[in-house]
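Subject: Structure handover

Hello,

Here is the structure you were expecting, with the sequence alongside.

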Amino acid sequence: MGKYQLDTTRIAFAGFGIPGNLIIRYAELCFEKPAQFPVRPRAVIGVDCNLDLPELWRWSERQAQQNFNQEDVETGKFLLGMLKEQLGSPTDNPTAYAAVTPYQRAIKTIGHEQYLKNVPVRLYYDTDIEWRITNNRQAYDDTNLPEGSDFICRLRALGNADAAFVSAKHPGYKSNGIRTVTTLSIVDEIDCIRWLKEKMNIFDAATWVPPYTLSVPDKWGTERFDFPVEFAPGIPYKGVEDLRFAPGWGETSSPEHWSYTFLWWLEGQPVINAASIRQHLTEYYNGLVGRNIISRKIPGDKLVPLKVQITSTQTQPNDIATYTGTVHMLNYMAQTPITLNSIIHVRYCNTQQRTAAFFEISPRPYTDTIWQTMNGLWTGFSCGK
């Protein structure tokens with residue numbers, strides 16, 4: 001963590017197959033013995049993983065004795081040898097098994113699962129029992145389903161409403177087309193990633209639902225980002241940036257060129273005044289222009305110094321402060337200098353405990369009709385839907 005400067009507040013653990021047993025036990029240890037295991041996973045995922053090592057021993061014995069599916073037979077023999085070498089048998093050494101297994105179904109008292117009672121957990125399984133009976137001669141108790149479902153039930157009983165048993169929506173297949181229940185293909189990856197982002201508080205523009213009302217004029221474009229903004233990481237806000245682009249924003253010949261708005265929907269009540277706006281817009285547009293200089297390979301002789309001027313003006317209705325200003329910079333689309341006029345509105349939304357800073361931007365004079373459209377967006381803005 002120290003070497004790679006990991007953000008330990010946004011770490012999830014995931015395990016697949018039998019090794020999933022190890023990662024889930026490791027997740028438990030992070031909360032059971034925090035001094036020895038300093039990571040705090042925000043979410044835990046298991047894919048067709050075994051949770052009960054004594055039961056894994058018994059499963060391995062059954063597969064070896066049954067001698068039906070060759071892959072399961074070989075797996076069972078391998079696991080019996082490995083477990084015997086490292087832990088002995090569950091009958092002879094139950095204490096060793098109890099220490100390292102994430103969960104024991106046969107023991108009805110609360111076990112290691114208690115350490116995940118406040119952690120979102122998802123266990124994915126292919127639940128096609130009929131296929132297992134036909135192809136592997138495996139009944140329900142020969143699968144990981146009993147312990148997986150019971151594990152989730154115990155977490156729910158401990159108050160973990162974010163514990164879920166997820167049945168595969170489609171049969172599992174290996175990349176070579178062979179049908180199998182132990183495969184990552186049983187995971188709906190889009191839904192899984194969405195869930196991970198939600199649980200780790202990672203902004204997802206595709207699924208985020210704004211708690212405010214900000215309309216989109218006909219044919220205008222939209223984008224959303226979270227703070228800190230990628231190209232201006234020094235702006236010290238947390239929240240969301242919500243943009244509206246005029247139809248001709250990116251066309252250098254259009255009278256709407258560079259006309260757009262953006263809302264900064266910010267946590268709490270950060271200090272926003274003429275000085276802070278000037279500082280943050282300087283970083284914002286320096287970062288925006290700089291990123292495009294590189295990607296568009298703009299020569300050095302085209303560059304112009306960036307200059308931001310912000311002035312407090314008469315406070316408009318419902319604002320706690322209103323500002324006007326200019327941003328003089330390189331128009332990286334035309335590779336010529338441009339001066340953007342601006343109006344900035346600031347409002348505090350008490351019920352949401354958020355600050356709304358709304359920026360209207362255009363190189364057109366304030367008498368141009370584009371400002372009527374942008375002003376209308378702010379006039380129609382509402383903190384709550």
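The sulfur of C153 has the sulfur of C49 as its closest cysteine partner, but the two are 15 Å apart, which is too far for a bond. Please keep in mind that this is a predicted model, and that every value here is computed from it.

C30 is not in a disulfide either. The nearest cysteine sulfur to that of C30 is again the one in C49, 16 Å away. C30 has a relative accessible area of 0%, so it is buried.

The structure does hold 1 disulfide. This bond joins C349 to C383, with an S to S distance of 1.8 Å. The torsion about the S-S bond is about -60 degrees, so the disulfide is left-handed. C349 sits in strand β10 (residues 336–349), while C383 belongs to the segment after α9 (370–379); the pair therefore ties together parts that are 34 residues apart in sequence. Buried means under 20% relative accessible area. C349, at 1%, therefore counts as buried, and so does C383, at 15%.

The largest pocket holds about 690 Å³ of space. Its lining is made up of 26 residues, and those closest to the centre are R10, N201, I202, F203 and E267. The largest share comes from α7, with 3 residues. Sorted by class, the lining of the largest pocket has 11 charged, 10 nonpolar and 5 polar residues.

The second largest pocket contains about 520 Å³ of space. It is lined by 25 residues, of which D48, W59, D72, V181 and T182 are the closest to the centre. Helices α2 (53–66), α3 (70–87) and α5 (129–136) each supply at least two residues of the lining. Here α3 gives the most, with 4 residues. By class, the lining of the second largest pocket divides into 10 polar, 8 nonpolar and 7 charged residues.

Regards

Definitions and conventions:
Residues numbered from 1 in each chain as written. Predicted model: local features only at pLDDT ≥ 70, side-chain atom pairs only at ≥ 80, totals over all residues. Heavy atoms only, no water. 1 Å grid on protein atoms, 1.4 Å probe; cavity = no way out; pocket = protein on both sides within 12 Å on 5 of 7 lines; lining within 4 Å. Points joined across faces, edges and corners; volume = space filled by probe spheres on them. Nonpolar A, V, L, I, M, F, W, Y, C, P; charged D, E, K, R; others polar. Disulfide = S-S within 2.5 Å. Buried < 20%, exposed > 50% of the residue type's maximum accessible area, 1.4 Å probe, protein only.
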